[in-house]
Structure formats: C-alpha cells, structure tokens
Amino acid sequence: ENIVVKGMPLIMASVQGTERLAAVEVIRNGVVLHRVSPERKEVRFEWSDTTFPGESWYYLRVTQADADKNGNPSLAWSSPIWVGTKRQD
C-alpha cells in the first residue's frame with residue numbers, strides 16, 4: 001500500500017500470535033527502529049516515527065517464542081507500506 005502523510009507517521013499495530021510473542025519490530029527501510037517484547041500471545045501499540053526522513057517503507061516483523069525441531073523461531077512479516085509526504089502549500 002502507498003500512503004501520504006503530513007508530519008510524522010504514526011504506526012498502529014495489533015498482533016495476535018499462536019504462541020507467546022517474543023518480539024514485534026517496526027522496520028523502516030530495512031532498519032529496526034522500534035521493538036516491543038510483550039511475552040504474551042497478543043499485543044497492541046502505537047509508535048510515532050519522529051525521525052521520519054520522508055519517502056520510506058515500513059513493515060512489522062514478529063518473532064514468537066516457540067521454535068521448530070531445528071530451533072528456528074516462528075516468524076511473520078506484515079506487507080510493506082510505502083509512506084510519502086504531503087507537500088506544504
């Protein structure tokens with residue numbers, strides 16, 4: 001999805017896992033900017049990107065506390081959202 005914002009983006013997340021959530025990370029342009037460690041199956045939070053440089057893409061990466069037989073944690077990613085800025089008139 002593509003969106004345009006005036007000011008700083010506000011990320012609003014709601015995540016429900018199948019097991020305890022070890023981490024939910026907000027990633028901008030490939031860099032982790034914000035991380036919560038809820039240690040429960042469900043979490044909701046809001047986070048404002050006060051360092052927003054303009055034209056960027058964001059997604060959430062979720063890591064559950066469980067692991068497969070090889071010790072790899074369960075992971076999930078949101079679809080990316082491209083964020084642009086609204087020009088000031």
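User: What is a polar contact?

Analyst: A polar contact is a pair of N or O atoms within 3.5 Å. Within protein, one must be able to donate a hydrogen and the other to accept it. Residues adjacent in sequence count only if both atoms are side-chain atoms. Here the side chain of Asp49 makes such a contact with the side chain of Arg28, at 2.7 Å. The Asp49 side chain makes another with the side chain of Tyr58, at 2.5 Å.

User: How should I treat these values?

Analyst: The model is predicted, so local features need pLDDT of at least 70 and side-chain atom pairs 80 or more, while totals for chains, interfaces and linings use all residues. Residues are numbered from 1 along each chain as its sequence is written, and side-chain values use heavy atoms, leaving out hydrogens and water.

User: Where does Asp49 lie?

Analyst: Strands are DSSP runs of E, at least two residues, numbered from the N terminus. Asp49 lies in the loop between β5 (42–48) and β6 (56–67).

User: Is Asp49 buried or exposed?

Analyst: Buried means under 20% relative accessible area, exposed over 50%, partly exposed in between (1.4 Å probe, protein chains only). Asp49 counts as buried because its relative accessibility is 0%.

User: Which residues does Asp49 touch?

Analyst: Contact means heavy atoms within 4.5 Å. Leaving aside residues up to four places away in sequence, Asp49 touches Met8, Pro9, Arg28, Leu33 and Tyr58.

Terms used: Helix = DSSP H or I, 4+ residues; strand = E, 2+ residues; numbered from the N terminus.
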